[in-house]
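Please look over the sequence and the model below before reading on. The points that follow are meant to be checked against them one by one.

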Amino acid sequence: MDNLRPAYDKTSIASIFEYSKKLIGHSLREIVGDDIVQASRLQGQGKGGLEQMLEELFFQYPINSDPGPDFKEAGLELKGTGLKRLISGELQIKERLVCDMIDYETVVNETFETSLFYIKCQIMLLIFYLYEKDVSKWDLKFIYTVIWKIPEKDLQIIRHDFERIVEKIRRGEAHLLSEGDTDYLAACRKGQKNENPRKQPFSCVLAPRRAFSLKPAYMRTVLAFVKQQGESAVSNIDLSQPTQSLVDIEELKTGSFEEVIIGRFRPFIGLSYLEICNRLGVQPSKAKNRIAIIANKIAAGKSAKTIENNVNNSEEFQKSGIRLKTVTSYSNGRVKEDTSFENIDYEEVFDNDEWLDSRLYEIFTSRFLFVQFQQPNGQRQNEFDLDNLELKTAFFWTMPPQDIDTAEMYWDNIREHVLNNEISPRYFWNKRMHRKFHVRPKGRNAKDLAYNPNGGMVQKYCYWFNSEYVTEIIQQHNNF
DNA sequence: GCATGATCATGC
DNA sequence: GCATGATCATGC
């Protein structure tokens, strides 16, 4: 590329996009040449900087310190984002997409439309590269290039997310922000772990730095779209598939996504499983997950058949990573069962040394939709029968920061023992410890094994919430 | 009665 | 066939 002026029109998104395709399959060093890399003042190590390297050396676009989008004439923001390759060969999202630092002092005076996030990120050029440990940024290969214009319906949900984050800061609770507070757009932690926290306008408590980001779950759906389109893609078509979606854009004008969903449960509060089946005109089942099935059916409302038994597959749940959890409790409110999550992916735990990028962090900072069914008043514990349980409450929940700290210790313990090849219940947290979370087996049967990154096979274990912890969560909600 | 281990049900 | 969410079954 020596001596070549970049052949694109900086006022045109289409032209910038065309030009970006030259990156696919190559690294920056291959494209601009080693001499230029050697002479560059930019560093290949450490965090950040890749976007700047692309802008300066590949696009040869003068870097400005303006607050707007990177390509200001075209109104286009440039974002580099990492992928990782699994042993199976599949490409996966490495992390959330960090968009814009949150300035606690100024953001409280903004509306969504005047916010820098909105001005910058409504149209982005996303360049996916393959992340490799200990490899200089000059040598990372680019894989996909995408123009991502955030769809109108997503923007509606993101607007609510933005407002919820800003409201929290206005209440003087910037230090209590969590990625789980919101659906698509999240306030993610940013900066070093031991870095000094910052001031916030409505409280004297200092708060860690945070940035607006699109959740890993959201980025996973972007990646799925790109994979389906080929190595480069433009999201200028309407992406929402009505067969997969839970709410439509008209309903979102009547309230937030979460309000719409909670509203669907309201008419059934107090009714038993059998009564709800009757109302919905469905045949009662004897399946052991029948409570979960009916909870999904209620949440789905009039949505398509493809998601009515499992709203986790809906567009909105996929993009937000929200998890519906059904909880059954005795008449005194005590939760009957522990709550399980997916199996521990030992490879992931082994390879990833960053808590904030871990799968467990993503699961536990998800937004949860708890749906509680309770034994009728006066019934004794030994009369417990799923058919009689009554819908008590449905609410969205986020794990509070102090419990996320506990979760980090839980993860540290799991990771330490996976690294030491000690994948056994005698090393992990158990329920007796009463530490909110524990580790327990889960497989098809006792012979169902998983690969051990240290070699060989081991039993499958998974992450659990202790039932007492879930009882606490439910009670705190019901007492409000 | 509870902790732990084991398995079921569903959907892709 | 497998991953995930949910619940069952056993033994102390």
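**Notes on the model**

1. Strand β11 pairs with strand β13 (residues 368-374) in the parallel sense, over 7 bridges. Two strands count as paired if DSSP finds at least two bridges between them. Helices (H or I, at least four residues) and strands (E, at least two) are DSSP runs, numbered from the N terminus. Within this pair, Arg 323 stands opposite Phe 368 in β13.

2. This is a predicted model, in which local features need pLDDT of at least 70 and side-chain atom pairs count only at pLDDT 80 or more, while totals for chains, interfaces and linings use all residues. Residues are numbered from 1 along each chain as its sequence is written, and chains are lettered from A and ligands numbered from 1 in the order in which they are written.

3. The pair belongs to an open sheet of 3 strands, with the order β11-β13-β14 and mixed pairing. β11 (323-329) and β14 (390-397) stand at the edges with a single partner strand each, so one side of each has no neighbour in the sheet. On average, neighbouring strands of this sheet are turned by 20° against each other, direction ignored. Axes are lines fitted to C-alpha atoms, for helices over the stretch in contact, and angles run from 0 to 180 degrees between N-to-C directions.

4. Which strands does helix α17 (residues 467-478) touch as it packs on the sheet? Helix α17 touches β11, β13 and β14, and its direction makes about 90° with that of β14. Contact between two residues requires their C-beta atoms, placed from the backbone, to lie within 7 Å.

5. DNA strand C is surrounded by 16 residues, and the closest are Lys 288, Ala 292, Thr 326, Glu 337 and Glu 342. A residue is near a molecule or strand if its C-beta atom, placed from the backbone, lies within 6 Å of it. At least two residues of this surface come from each of α12 (290-300), β11 and β12 (339-343). The largest share, 5 residues, is that of β12.

6. Chain A is assigned domain 1 (2-235) and domain 2 (249-478); such bounds come from an automatic or database domain assignment. The centres of domain 1 and domain 2, taken over C-alpha atoms, are 31 Å apart. Their contact takes 20 residues from domain 1 and 20 residues from domain 2. On the side of domain 1 that touches domain 2, α7 (152-170) and α8 (216-229) are the elements that give two or more residues.
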